[in-house]
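User: I have a protein model open and would like to go through it step by step. Can you help me read it?

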Amino acid sequence: NALQPGIDQVAQRTSADLVLLQEHRVHLARCPAARGMLKRLGLTAWLTPARTTDAGRASGGPAVLTRRGIGITPHDGAVPDAQRHRFCFAWTGAGIRGGVHVGSVYLHTAEGLSPDNLQVLHEIAVATKTVRGPWIIGGDWNMDPATLASSGWLDVVGGVIVAPTMPT
């Protein structure tokens, strides 16, 4: 749930073309430096800034990382400013011919299908409807798959859940 552990424990240990981070906790002013650091490590990043809390701390901040040489283009206008610390969305040249649209989401913790989480889900649905081609949304959904499935959201976006059977 922070950028450096995400890099150390995941991004540098995998051969995957894509890595999705959900809570990098990087403030807006530090995003360019974070992108530069990731570039030096052979990763191209689209990361949206974390929100600054009333206590001055960083909360949220999702990211899509690709290996060097794999194109990535942010869908910057697809996510409203109020949700950017919870969801980011980009096209990547990874996976299949023509690429795939990839998003990373970090829903509110311990709230289930709260109004705030439903708003984030709504914005994800809107974003997926603005693109042509396949998409994948990975994230820290902060609810079990059955709860998400019961919301009807999958029908709205035309999606399916792929999740491990063990707790994460």
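Analyst: Below we go from the overall fold to single residues. Keep in mind that this is a predicted model.

User: How many helices and strands are there in the protein?

Analyst: The protein has 5 helices and 9 strands. Along the sequence they come in the pattern α-β-α-β-β-β-β-β-β-β-α-β-α-α.

User: What about the overall size?

Analyst: The C-alpha atoms fill a box of roughly 45 × 40 × 35 Å along the principal axes. The radius of gyration is 15 Å, which agrees with the value near 15 Å for a compact globule of 168 residues.

User: And what share of the residues is buried?

Analyst: Buried residues make up 44% of the 168. The exposed surface comes to about 9100 Å², with carbon and sulfur atoms supplying 54% of it.

User: How far apart in sequence are the residues that make contacts?

Analyst: Take the contacts between residues at least 6 apart in sequence: 60% of these join residues at least 24 apart.

User: OK, helices. Which residues of α1 are buried?

Analyst: In α1, the buried residues are L3, G6, I7 and A11. They cover an arc of only 95° around the axis, so they sit on the same side of α1.

User: What covers them?

Analyst: The cover over the buried residues of α1 includes β1, α2, β2 and β5.

User: Now α2. Which residues are buried there?

Analyst: Helix α2 spans residues 31-40, and its buried residues are C31, A34 and L38. Viewed down the axis of α2, they fall within an arc of 60°, so they line one face of the helix.

User: What's on the face turned away from that buried side?

Analyst: That face of α2 carries the exposed residues P32, A33, K39 and R40. On the buried side, the cover includes α1, β2 and β5.

User: Let's switch to strands. Where do the side chains of β1 point?

Analyst: They alternate along β1, which covers residues 18-21.

User: Is T66 buried or exposed?

Analyst: T66 lies in strand β5. It counts as buried because its relative accessibility is 0%, and the cut-off for buried is under 20%.

User: What does T66 touch?

Analyst: Beyond its neighbours within four places in sequence, T66 is in contact with D17, L18, G42, L43, T44, I72 and T92.

User: Buried or exposed?

Analyst: R84 counts as buried, because its relative accessibility is 16% and the limit is 20%.

User: And what is around R84?

Analyst: Setting aside neighbours within four places in sequence, R84 is in contact with W46, T48, P49, P62, D76 and V79. R84 and T48 are 36 residues apart in sequence, while their C-alpha atoms are 6.0 Å apart in space.

User: Where are A110 and N142?

Analyst: A110 is in the loop between β8 (100-106) and α3 (115-129). N142 is in the loop between β9 (135-140) and α4 (145-150).

User: What is the relative accessible area of A110 and of N142?

Analyst: A110 has a relative accessible area of 77%, so it is exposed. N142 has 21%, so it is partly exposed.

Technical notes
Residues are numbered from 1 along each chain as its sequence is written. This is a predicted model: local features need pLDDT of at least 70, side-chain atom pairs count only at pLDDT 80 or more; totals for chains, interfaces and linings use all residues. Side-chain values use heavy atoms; hydrogens and water are left out. Buried means under 20% relative accessible area, exposed over 50%, partly exposed in between (1.4 Å probe, protein chains only). Contact means heavy atoms within 4.5 Å. Helices (H or I, at least four residues) and strands (E, at least two) are DSSP runs, numbered from the N terminus. The arc is that of the directions from the helix axis to the C-beta atoms. The radius of gyration is taken over C-alpha atoms; the globule rule is 2.2 Å times the number of residues to the power 0.38. Accessible areas come from the Shrake-Rupley method with a 1.4 Å probe; for residues, only the protein chains shown count as cover.
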